[in-house]
Every structure is written in C-alpha cells, then in structure tokens.
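Colleague: I would like to learn how to read this model. Can we go through it feature by feature?

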Amino acid sequence: MFMSIKTKFVLCLVFGVLFFIPFSVKAGLTINEIMYDLDDADIDWIEIYNSGNEESDISLLKLLISNSTANHSIKAYSGKPILNTGEYGVIVVNSQVSSYIEKWGSEGNLFTASFSLPNVSEEETATIQINQGDKISPIDSVTYEALFGASGDGNSLQIIDGSLKSSTPTPNKENVFDPNSVVGEDDNEEEDNDDDDDEDEEEDDEKTISKPKIKAKIFVKNTVYSEEPIELEGVILENGKKSKYRGRYYWNFGDGSFKEEFGYSKKFRHIFYYPGEYVVSMEYYPDAFSIEPDYIERIVINVIPVNISITKVGGEKDFGIEITNSSQGEIDVSEWYLIGDRKVFFFPKKTIVLPQKSLTVSSRLTGFSSSGKESIKMYSSRGELISQYLIEK
C-alpha cells in the first residue's frame, strides 16, 4: 500500500514511528462482468475474476466508480472472502443483496459495498476500478457505454474474447456469449436476405468503407523534469476516440527500464532520473501469447533538470519565503513541502511556479517564524531535498 510523504510525516509526528505495510498488487484480478441497468429491478453488481497465480482477499480492496470520488470498502457477505486462481466473486450494492439472492441465488462468493452504477445514455461513459487504496494505480479498470448494450434489456456486460459484450448474466460463473440475448436488426436478417440480395451486397460495401481507423497513442507531456513522477497513458484510438482494448501492453522508456501491462491499459507513473531525450515506445499485443504487436507507438520525451530553490526569506514581522524557478519551463510543486520552525507546510494541488519567476508564501499561511531557526528546507513530493536556505542570526 502506497503512502504519500504527507501521510508519513503526520504519522511520524503523532506516533514517532513510520508505519509501512507492504501489499503486493494482485495483477490477476480483473473486472469480469457488470450489471448496471437491469430491466425489472435496480440490482447493480460487479463480478471479479482471479486469473492470477496467487490467492486474493477481495475484502482488502477498494471500489471506485466514476460517479463518485469515494473509494468504497468491500465487505465479505457469504462464501469465501479469498479468491483462489480461477474463482469468481460478485460485489453487490448493500441494499440490494436480498433482491440479488432472490433472482440469482446465494451460490458462490458474495461481497457488498456502498455504490451505484450509472445508467449511461448515448455518448456517456462510466468507469469502474478496483484498487488497493491508491486511486491513481488501479488493479483493473473498465469503462462502459450505452453502445455496448445491457441497458434495460436484462443482460449484463461481460468480458468475452477480450472485449465487453452484452449477454445473459452469469454471476459467479464463466462468461458465455448468448447470441439469442442480442436484440436488434439481426433478428430479421434471414427475412431481409430473402427479400433483396442486392441490398445486402450494398450494405457489405458500406461496412467495408466505414471500417474504423485504428492506431495507438501515448498521452504524456513532451517536456518533463528529472526525478519527478510523470503520468503516462497508452490507448488504442478508433476514429480518433479512445477505445478499450484488452491485451498485453509492452512499454520501453528508453532509460533502461520497461513495463508490461495485462488487461486494459491504465494510467501510471514513471520517473526519469537524469536529464536527456528518451525514446518511449508502446506495443499492443491482443493476448499474452502474441509474438508480433498489432499496433506500435513511439514518442520522444525531453527531460530537463529541476532548477528551483529558496532564494529569500522575510524578517521577524513577516517571515515570507520566496521560491524561484530558474528553469525554462513551469514547475508544478503540488505536494512539495517546506520544513522549518518545527512545522511543515505543503503546497496545495496545482501550485505552479512559472519559468524564470518567483512566488512568495506568507508566514500567515506557513506559520513559520525566524526566531531560533537555522534553516528552511524544501522537499519534493517524493521526499527529495530540493533546496536549503540558511538563516543568518
């Protein structure tokens, strides 16, 4: 479990001891099935599948839905809280467990949480993620939209052949595509074929012409700072829009490090420790056994040194602290912090220091004073010492 520098410092002040609880990421856990808009009752549930090689305690995870900022706790209800390899677990809304059991029974492993799944309409999307408390680095994340189906027709969305498909619900069981569950123009396909073969040929031509344009895309800033975490995301675009492609994503960062993702590509962080230009590439493979990638994308990232320092402090009346950015680009100092006078001041989110500019933090905010202090120190969000200013007595 990842703890921020801010949390660590508070714990040190309160207890005098830094607690760190190791928690391995369960890479084999995936969101396997979603019931978000049942036709005759509002019973929301999410099925989790363990395809990994380790057992996983689902009750230790958190559930995050895009219609809320809360990281919902998951509680074991019946069956086992721990999923072994190849086992399923269903997370049901607290208030809907009785209705769920009445419709699908109590067989399997059931969990509860306080959440609701959005009933998306046209052009809307909703995202579900499971994590270990860190919202930025989910174990798995799935985005659905009305176009996928299962909207008020009694079906659920299921991961079948690597993508979400609408089919007859299979909670706590293997997903199976049921062609009879699909309602649409295909129901009259045979009759239409008999009426007009030429029309079918024209439709086939139209489908060929409207084949989506697919390419890989890396989202990241082109200029970043050394020793500071940056956020990357690799996606597959269809006609310029993000699409969910399940498979294997192989990253090479050009600095001697690499990363592999299985399932859906997710946002993650990386650190370049030295300035320079780095070629970052991403390869998408449809499954773990593919030899050649379907899509490849590469970009060049310019990494520049962080050149920011404490350049001046005030006097006894107003002990303001001046921070100067000598770099050629702006620097985000969110969650960076100052230490002095036995106090800590954290810069709030989205605090930007413009290039070749300074900002001054008032002592009315920091609570610092010059009396009895020898130095003021500034640290990055990772706890790296950035600058130290010696106060003359």
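Modeller: Start with strand pairing. This is a predicted model. Strands of a sheet pair through backbone hydrogen bonds, either parallel or antiparallel. Here, E26 and strand E30 (residues 375-379) run antiparallel, joined by 3 bridges.

Colleague: Which residue stands opposite tyrosine 379 in E30?

Modeller: Tyrosine 337 does. E26 also pairs with E27. Strand E26 covers residues 337-340 and strand E27 covers residues 343-346; 4 bridges join them, and they run antiparallel.

Colleague: How many residues lie between E26 and E27 in their hairpin?

Modeller: There are 2 residues between them. Look at the backbone there too. Aspartate 341, in the turn, has a positive phi of about 55 degrees.

Colleague: Next, sheet order. What is the order of the open sheet of 3 strands?

Modeller: The order is E23-E24-E29, with antiparallel pairing. Strand E23 (308-313) and strand E29 (357-361) are the edges. Each has a single partner strand, so one side of each lacks a neighbour in the sheet. From one strand to the next, the twist averages 30 degrees.

Colleague: How many bridges join E23 to strand E24?

Modeller: There are 5 bridges, and E24 spans residues 321-325.

Colleague: Now burial. How should I read the cores?

Modeller: In soluble globular proteins, nonpolar side chains tend to be buried together. In this model the largest nonpolar core has 30 residues. Those with the most contacts inside that core are Ile34, Ile46, Leu63, Phe115, Leu117, Ile128 and Tyr144. Several strands give two or more residues to this core, including strand E1 (29-35), strand E2 (45-50), E10 and E11.

Colleague: Which residues is isoleucine 34 in contact with, leaving aside its neighbours within four places in sequence?

Modeller: The partners of isoleucine 34 are Trp45, Leu117, Ile128, Val142, Tyr144, Ser156 and Leu157. There is also a second, separate core of 21 residues, with Ile304, Ile321, Leu359 and Ile376 among them.

Colleague: How many of the 6 residues of strand E11 are buried?

Modeller: In E11 (residues 140-145), 5 are buried, and the strand is mostly covered. E11 pairs with strand E10 (residues 125-131) in the antiparallel sense, over 6 bridges. Threonine 125 has glutamate 145 in E11 as its bridge partner.

Colleague: On to charges. How many salt bridges does the structure hold?

Modeller: The structure holds 4. Lysine 80 and glutamate 87 meet at 3.0 Å, N to O. Lysine 80 has a relative accessible area of 33%, so the residue counts as partly exposed. Glutamate 87 is partly exposed as well, at 23%.

Colleague: Where do glutamate 260 and arginine 248 sit?

Modeller: Glutamate 260 is in strand E19 (residues 258-263) and arginine 248 is in strand E18 (residues 247-252), 12 residues apart. Their side chains form a salt bridge at 3.0 Å, N to O.

Colleague: Is arginine 248 buried or exposed?

Modeller: Arginine 248 is buried, because its relative accessible area of 11% falls under the 20% cut-off. Glutamate 260, at 36%, counts as partly exposed.

Colleague: What is the N to O distance between arginine 364 and aspartate 318?

Modeller: The distance is 3.6 Å, in a salt bridge. Arginine 364 lies in helix H5 (residues 363-366) and aspartate 318 in the loop between E23 and E24, 46 residues apart. Arginine 364 counts as exposed at 71% relative accessibility, while aspartate 318 is partly exposed at 32%.

Notes. Residues are numbered from 1 along each chain as its sequence is written. This is a predicted model: local features need pLDDT of at least 70, side-chain atom pairs count only at pLDDT 80 or more; totals for chains, interfaces and linings use all residues. Side-chain values use heavy atoms; hydrogens and water are left out. Two strands pair if DSSP finds at least two bridges between them. Buried means under 20% relative accessible area, exposed over 50%, partly exposed in between (1.4 Å probe, protein chains only). Axes are lines fitted to C-alpha atoms, for helices over the stretch in contact, and angles run from 0 to 180 degrees between N-to-C directions. A nonpolar core is a set of buried Ala, Val, Leu, Ile, Met, Phe, Trp, Tyr and Cys residues joined through side-chain atoms within 4.5 Å. Contact means heavy atoms within 4.5 Å.
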